[in-house]
Amino acid sequence: MDRERDCDRDTEKEPMPAEFHTDPDGHLNVAYVVSETQPPEVEPEIKVVVQPVETVSTVKKVSELVHVRPCWQRHLGIFFALLNALCFSLIPVIVKKLQHIHPVGQTVWRSLVNVFICALVLLVLRWLPSTRHLRVWAGIVDANGTVEWSTVGVVIGMGLLVITGMIFRVTALEYMTIADATVVTYIAIVFVLLLAHFILRESCTFSKSSTAALIILGACVIARPPFLTGASNFDKNLLIGIGMKCADGAAQAGYSVMYRKWRHLHFAATLFIILIVGNVEATCAAFALQVFTLPTSTYDVVQIGRAYV
């Protein structure tokens, strides 16, 4: 069967063209014409030349990834820190000059002046074209305009700590000298180390611990124990002042740790809420203690402005 199929296939093939002609003797000759097939065109060979490529490392240097600031910008923080220290040292001197105004009453005016300054900063950030796109209230008010009350509660707590510490700080100057108050002010570093270690999980190295120990030793020396001074008893006013400075340091440490934990909030919006809350707290405390007084002269207004600006 297979052979028959092959034969059928051969017969089905197209016959070859033939030419018939007779020779001089009268014989019939058949000549088959074989067509010459052109060889298929050969496609040109494509040669791919592979050139060696230099391998580039995907890991760059840290100096290439991190933008290096100019020299003057890198030292700008030191300049502002020194300026802050200078202004901070002038506050107790001016507070001492305003002895006819109660410390709580001074705190009212201090927070009020700072509220106006912070409001001015917010207006400048809103007005400048380079900062107009900033979402100053991000984290406090979301994109839909909904107030995040949990964050607002945290900021209110920060405001209560700031103004409470401010009241203790100014009141302590009535019980101790400016020099003693300035030394005991650094007790806040001890509270910051403790809270940062237990809340923020920051490491407490030997250098930090030794610094805290020296600050505590300095505060004990400022307390002037009888075995050092030869007095019969401690100075009660001095102990009250040191206690208030310690309370101030604890409040400052709490505020610093909270601000560090919620550092994604914009400083202008945070300070604006803190100062408003503090001003309300100080005003209520001043009226409760019946110590609220208005500045009696231009000198008082100037001194309050100098102290708290």
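Predicted model: local features only at pLDDT ≥ 70, side-chain atom pairs only at ≥ 80, totals over all residues.
Colleague: Of the contacts with a separation of 6 or more, what percentage comes from residues 24 or more positions apart?

Modeller: A contact here means heavy atoms within 4.5 Å. Among the contacts in the protein with a separation of 6 or more, the share from residues 24 or more positions apart is 72%.

Colleague: What part of the accessible surface belongs to carbon and sulfur atoms?

Modeller: The accessible surface of the protein is about 22000 Å² in total. The part that belongs to carbon and sulfur atoms is 65%.

Colleague: Which residues make the nonpolar surface patch of about 560 Å²?

Modeller: One member of the patch, L90, lies in helix 4, residues 76-97. L90 has a relative accessible area of 42%, which means that it is partly exposed. The patch of about 560 Å² is made by L76, F79, F80, L83, L86 and L90.

Colleague: How far apart are the end C-alpha atoms of helix 9?

Modeller: Helix 9 covers residues 206-222, which makes 17 residues. At 1.5 Å a residue, the helix should span 24 Å. The model agrees, with the end C-alpha atoms separated by 24 Å.

Colleague: Within what arc do the buried residues of helix 9 fall, seen down its axis?

Modeller: The buried residues of helix 9 are A212, I215, A219 and I222. They line one face of the helix, because seen down the axis they fall within an arc of 80°.

Colleague: Which exposed residues does the face of helix 9 turned away from its buried side carry?

Modeller: On the buried side, the cover includes helix 7 (178-185), helix 8 (187-198) and helix 11 (236-261). The face turned away from that side carries the exposed residues F206, L214 and L217.

Colleague: What is phi of R201, and where does R201 lie?

Modeller: Most residues other than glycine have a negative phi. R201 is not a glycine, yet its phi is positive, at about 60°. With 67% relative accessibility, R201 counts as exposed. R201 lies in the loop between helix 8 and helix 9.

Colleague: Which residue meets R224 in a salt bridge?

Modeller: The two side chains meet at 3.1 Å, N to O. The partner of R224 lies in helix 7 and R224 in the loop between helix 9 and helix 10, so the pair ties together parts that are 44 residues apart in sequence.

Colleague: How many residues apart in sequence are the parts tied together by D248 and R169?

Modeller: The side chains of D248 and R169 meet in a salt bridge at 3.0 Å, N to O. D248 lies in helix 11 and R169 in helix 6 (residues 149-172), so the pair ties together parts whose separation in sequence is 79 residues.

Colleague: Is R169 buried or exposed?

Modeller: The cut-off for buried is under 20% relative accessible area. R169 has 16% relative accessibility, so R169 counts as buried.

Colleague: Which residues are linked with D248 in a network of salt bridges?

Modeller: D248 and K245 both lie in helix 11, three residues apart, or about one turn of the helix. Their closest N and O atoms are 3.9 Å apart, under the 4 Å cut-off for a salt bridge. D248 is buried at a relative accessible area of 1%, and K245 is buried at 3%. The residues linked with D248 in the network are R169 and K245.

Colleague: Which residues does A269 touch, leaving out those up to four places away in sequence?

Modeller: A269 is found in helix 12, residues 267-289, and is buried with a relative accessible area of 0%. The C-alpha atom of A269 is 9.8 Å from that of V155, although the two are 114 residues apart along the chain. The residues that A269 touches are L122, V136, W137 and I140.

Definitions and conventions. Residues numbered from 1 in each chain as written. Heavy atoms only, no water. Helix = DSSP H or I, 4+ residues; strand = E, 2+ residues; numbered from the N terminus. Expected span 1.5 Å × (residues − 1). Buried < 20%, exposed > 50% of the residue type's maximum accessible area, 1.4 Å probe, protein only. Arc of directions from axis to C-beta. Areas by Shrake-Rupley, 256 points an atom, 1.4 Å probe, with all protein chains shown as cover. Patch = residues over 30% accessible without salt bridge, like charges linked within 9 Å, V, L, I, M, F, W, Y side chains within 5 Å.
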